[in-house]
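Please open the model in your viewer and keep the selection tool at hand.

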Amino acid sequence: MAPKSYEPDLMARAAWLSFVGDLSQKQIADRLGISRIKANRLIARAIELKLVRFSVESVPVECVALEDRMIRAFGLSSCFVVPTVADQDLPLASLAAAGALVLQREFADPQRKVIGVGHGRTLEATVEALPHKAHKRLRFVSVLGCLSRVGAADPLDVVHHLCKITEAECYYLPAPLFAASQKDKRMLMQQKLTRKVVKMGMEADFYVIGIGDMGRRSYLFNKVTASERAALLDKGAVGDILGCFIDSAGRVVECGINQRAVTVGLAPLRGKPVLAIAGGSAKQAAITAALRSGVVTGLVTDENTAAAIMKMARAAPSSKYA
């Protein structure tokens, strides 16, 4: 039987971890989320296909070293660093390919039943990179509002893409990401369907999210007014996780717009596996803050971003109490 489309990547990565990282087969199996027997087969196949010589002499070796440093620095359970092909603000294709590889393994995990899903360009590209494969036992649920302020469907909501690709049950959060007022938010959260979806999102056993920055090209830039953005910057916000704006230490900032966000919030994510797929020069500060928050347990990013994050990690201590 021919190997799956993503197994050449697994073979190369298993070889890097074995011959460069000097990890045991058990450690490699744990890192890649596979069995020890499969790890052994992948390494043997990589040697047979002469991938070892190519990998050891190539740039991805540095990516494995960065992965190890990121895992130790932020207490992550997993980290996947892809080579930076060019000096890009957002290396979307690389992040999407790597993110899709990781998600394929997560979707195949029998422990996964309900998966909470965020929004954004990177997640949208990642989902589009997934192969069409049925995962009918899974349920996907949006963990933040899926409507724009004018009531239209959010163009970067990815749950509807997942529904088509996986043939799984998918649930939308039928509300705008930001309510017009705290009163409006309370009314929205009292709706029967909204309560059902929020409850399901809070009880998810795995989350895949993006990380937003505060730049003019960021996902949320057009969702907040100029005065709201000024207030966030004044409070020290550097980015957002699921519409919750955080400062450089990973703490949720005290600002009105955070109180109006229609989302499951960050508290239900703590202690659960949370994979963030994010990279690019504009997001370095935001990703560092998200890692300091203690919410993110796994990360897919690019080499340049990972190197910049490691520099920033030495500048201030992390916080587990956002």
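This is a predicted model: local features need pLDDT of at least 70, side-chain atom pairs count only at pLDDT 80 or more; totals for chains, interfaces and linings use all residues.

Begin by selecting helix α6, residues 92–108.

The space within it amounts to about 560 Å³. To find its centre, select Arg31, Leu32, Gly33, Arg105 and Glu106, which are the closest to that point among the 28 lining residues. What classes of residue make up the lining of the largest pocket? Colouring by class will show 14 nonpolar, 9 charged and 5 polar residues.

Now select Thr301, which lies in strand β10. Is Thr301 buried or exposed? Its relative accessibility is 0%, and Thr301 therefore counts as buried, the cut-off being under 20%. Display its surroundings next: beyond its neighbours within four places in sequence, Thr301 is in contact with Phe80, Val81, Val82, Leu95, Ala278, Gly279, Ile287 and Ala306.

Finally, select the whole chain. Its secondary structure consists of 14 helices and 10 strands. Of its 322 residues, 55% count as buried. The chain exposes about 14900 Å², of which carbon and sulfur atoms supply 54%. Among contacts with a separation of 6 or more, 73% join residues 24 or more positions apart.

Technical notes: Residues are numbered from 1 along each chain as its sequence is written. Side-chain values use heavy atoms; hydrogens and water are left out. On a 1 Å grid over the protein atoms alone, a cavity is a set of points where a 1.4 Å probe fits but cannot get out, and a pocket is an open set with protein on both sides within 12 Å along at least five of seven lines; lining residues have an atom within 4 Å of a point. Grid points are joined across faces, edges and corners, and a volume is the space filled by probe spheres set on the points. Helices (H or I, at least four residues) and strands (E, at least two) are DSSP runs, numbered from the N terminus. Ala, Val, Leu, Ile, Met, Phe, Trp, Tyr, Cys and Pro count as nonpolar, Asp, Glu, Lys and Arg as charged, and the others, Gly among them, as polar. Buried means under 20% relative accessible area, exposed over 50%, partly exposed in between (1.4 Å probe, protein chains only). Contact means heavy atoms within 4.5 Å. Accessible areas come from the Shrake-Rupley method with a 1.4 Å probe; for residues, only the protein chains shown count as cover.
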